[in-house]
Amino acid sequence: MDKIRLQFKSVSEIVGSEEMCLMVLTDMEEQRQITLFCDHDMAVQIELRVKKVPITEIMLPEVLQSLLSAAHCADMMLYFSNIIDGQYKVGLYNAFTPEPIPIRASDAVLLSIVGDIPIFIDPNLMARQSMRYFPNTNGISLPINTMTNEMISEALQKAIEEENYEIASHLRDEQRRRNNHSQDQA
C-alpha cells in the first residue's frame, strides 16, 4: 500500500459559522496540506489535547487508548483512502485485523493525537485533494468536493444572492455530479 504520512497542524473556526471548523493536516515536509471539516465540539476536544489539559487523562479517548495499549494492539495506522460526496473515507488498520475499521475523518485525527497513531493518505488522493501549504496564513484553500451537501447548498444560495455566477456554476455542477453519483448507485 503506497502512502504519504500526514501530521496534524491546526484546527480553527470558520468565520461566520458557529458550528463548523476546519482542521489542517500537512505532509511531513510541510509542503502540501489537506483540509477537513469538523464540528465545533470536535475542535474543542482536539484543542484540549493540543494544549495538554490535564483532565484529558481521564477522558474516554485516552482511557480507550490505554486499553488498546494494554492489549498490545500495536502497529496501528489511520489511512485516508478516498473521498466520496464530501466525506473522506478513513480506515483504522492494525496487525491483527485483516480489514480496516471505518472511522470518521475528524475522529481519526483525534485518535491520532491521543494515541500517537500515524496518519497516512493514498498518494493519488493527496495529489487530487491537497493544496500548497503556507504557514501562518489567514486564509485556507478548500477543494469543493470536501464540502458537505448542506454546505454546498448554502454556498450556492449565497453565491446567487451575491450575483457571483461563476462560483454558483461550479457549486451547481458539484451538486449535479453528486446527484448523478447517488442515482447511479441506487
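**Salt bridges, cores and a helix face**

The side chains of Arg 177 and Glu 174 are joined by a salt bridge of 2.7 Å, N to O; a salt bridge is a side-chain nitrogen of Lys or Arg within 4 Å of a carboxyl oxygen of Asp or Glu. This is a predicted model, in which local features need pLDDT of at least 70 and side-chain atom pairs count only at pLDDT 80 or more, while totals for chains, interfaces and linings use all residues. Residues are numbered from 1 along each chain as its sequence is written, and side-chain values use heavy atoms, with hydrogens and water left out.

**Salt bridges**

- Side chains of opposite charge can pair when their charged atoms come close.
- The whole structure holds 7 salt bridges.
- Arg 177 and Glu 174 are 3 residues apart in helix H6 (residues 165–185), a separation of about one helical turn; helices (H or I, at least four residues) and strands (E, at least two) are DSSP runs, numbered from the N terminus.
- Glu 174 counts as buried at 8% relative accessibility, whereas Arg 177 is partly exposed at 39%; buried means under 20% relative accessible area, exposed over 50%, and partly exposed in between (1.4 Å probe, protein chains only).
- Shared partners join Glu 174, Arg 177 and Arg 178 into one salt-bridge network.
- Glu 62 and Arg 49 form a salt bridge whose closest N and O atoms are 2.6 Å apart.
- Because Glu 62 lies in helix H2 and Arg 49 in helix H1, this pair ties together parts that are 13 residues apart in sequence.
- Both Glu 62 and Arg 49 are buried.
- Lys 51 and Glu 47 also meet in a salt bridge, at 4.0 Å from N to O.
- Lys 51 is exposed, with a relative accessible area of 60%, and Glu 47 is partly exposed at 26%.

**Helix H1**

- In helix H1 (residues 40–50), the buried residues are Met 42, Ala 43, Ile 46 and Arg 49.
- Viewed down the axis of H1, these residues fall within an arc of 120 degrees, so they line one face of the helix; the arc is that of the directions from the helix axis to the C-beta atoms.
- After H1 comes Lys 52, whose phi is positive, near 55 degrees.

**Nonpolar cores**

- Within the largest nonpolar core, which has 29 residues, Ile 34, Leu 36, Phe 80 and Tyr 88 touch the most other members; such a core is a set of buried Ala, Val, Leu, Ile, Met, Phe, Trp, Tyr and Cys residues joined through side-chain atoms within 4.5 Å.
- Helix H3 (residues 105–115) supplies the largest share of this core, 6 residues.
- A second, separate core of 9 residues includes Phe 37, Met 147, Leu 156 and Leu 171.
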